Amino acid sequence: DEGLGDVLRLGARGKVRAEIENILPEKVVAKKSGEVKVSGESMLKAVEDAMVVGCTCLSVGKNPLLKQKNFDIVIVDEAGQISQPAILGPLFLADRFVLVGDHMQLPPLVRSEKAGKAG
């Protein structure tokens, strides 16, 4: 079990791909501790101890495990597809961030006709 908990994926079971459900905080804590009913405190500790924590931009503001959390760095993948309001939550969790995207991604969402015409 060495390394168990180094990487966590926050999200609701059933909304996370089955292949990575084993890195949900409740699964990691249960496996490490043998707890049947995992406490919120245990999951908070798991998030604190993890080297990497993954989640969606929209879930950041809703997830109680991220309240008062500060990361060394936030990496936002598919950044070109995320609206500015949606990306603010994750960016406030760290002093440094990296936005990742490539030219093959779908174009960003533009709701303003004027902004869309301007590029």
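1. Pro-90 is buried, at a relative accessible area of 6%; buried here means under 20% relative accessible area, exposed over 50% and partly exposed in between, with a 1.4 Å probe and protein chains only. The residue belongs to helix H3 (residues 84–91). Leaving aside residues up to four places away in sequence, Pro-90 touches Cys-57, Val-60 and Val-74, a contact being heavy atoms within 4.5 Å. Its C-alpha atom is separated by 9.1 Å from that of Ser-59, 31 residues apart along the chain.

2. On the basis of the values: this is a predicted model, in which local features need pLDDT of at least 70 and side-chain atom pairs count only at pLDDT 80 or more, while totals for chains, interfaces and linings use all residues. Residues are numbered from 1 along each chain as its sequence is written, and side-chain values use heavy atoms, with hydrogens and water left out. Helices (H or I, at least four residues) and strands (E, at least two) are DSSP runs, numbered from the N terminus.

3. Helix H1 (25–33) has Pro-25, Val-28 and Val-29 buried. These residues cover an arc of only 95° around the axis, which puts them on the same side of H1; the arc is that of the directions from the helix axis to the C-beta atoms. S1 and H2 are among what covers them. Gly-34 follows H1 and has a positive phi, near 80°.

4. In helix H2 (residues 40–49), the buried residues include Ser-42, Met-43, Ala-46 and Val-47. Their arc around the axis is only 140°, which places them on the same side of H2. Glu-41 and Glu-48, on the other side of H2, are exposed. The cover over the buried residues of H2 includes strand S1 (7–9), helix H1 and strand S2 (52–54). As background, an α-helix has 3.6 residues a turn, so residues three or four places apart point the same way.

5. The largest nonpolar core has 22 residues, and Leu-8, Leu-66, Val-76 and Leu-93 have the most contacts inside it. Such a core is a set of buried Ala, Val, Leu, Ile, Met, Phe, Trp, Tyr and Cys residues joined through side-chain atoms within 4.5 Å. H1, H2, S3 and H3 are the elements that give two or more residues to this core. Leu-93 touches Val-60, Leu-66, Lys-69, Asn-70, Phe-71 and Val-74, not counting residues up to four places away in sequence.

6. The largest pocket holds about 800 Å³ of space. A pocket is an open set of points on a 1 Å grid over the protein atoms alone, where a 1.4 Å probe fits, with protein on both sides within 12 Å along at least five of seven lines; lining residues have an atom within 4 Å of a point. Of its 28 lining residues, Val-53, Gly-54, Cys-55, Val-74 and Ile-75 are the closest to the centre. Strand S3 (71–76) gives the most to this lining, with six residues. By class, the lining has 21 nonpolar, three polar and four charged residues.

7. The second largest pocket contains about 170 Å³ of space. Its lining includes Leu-10, Pro-25, Met-43, Ser-59 and Leu-65. H1 and H2 each supply at least two residues of this lining, which has six nonpolar, four polar and two charged residues. In this classing, Ala, Val, Leu, Ile, Met, Phe, Trp, Tyr, Cys and Pro count as nonpolar, Asp, Glu, Lys and Arg as charged, and the others, Gly among them, as polar.

Conventions. Grid points are joined across faces, edges and corners, and a volume is the space filled by probe spheres set on the points.
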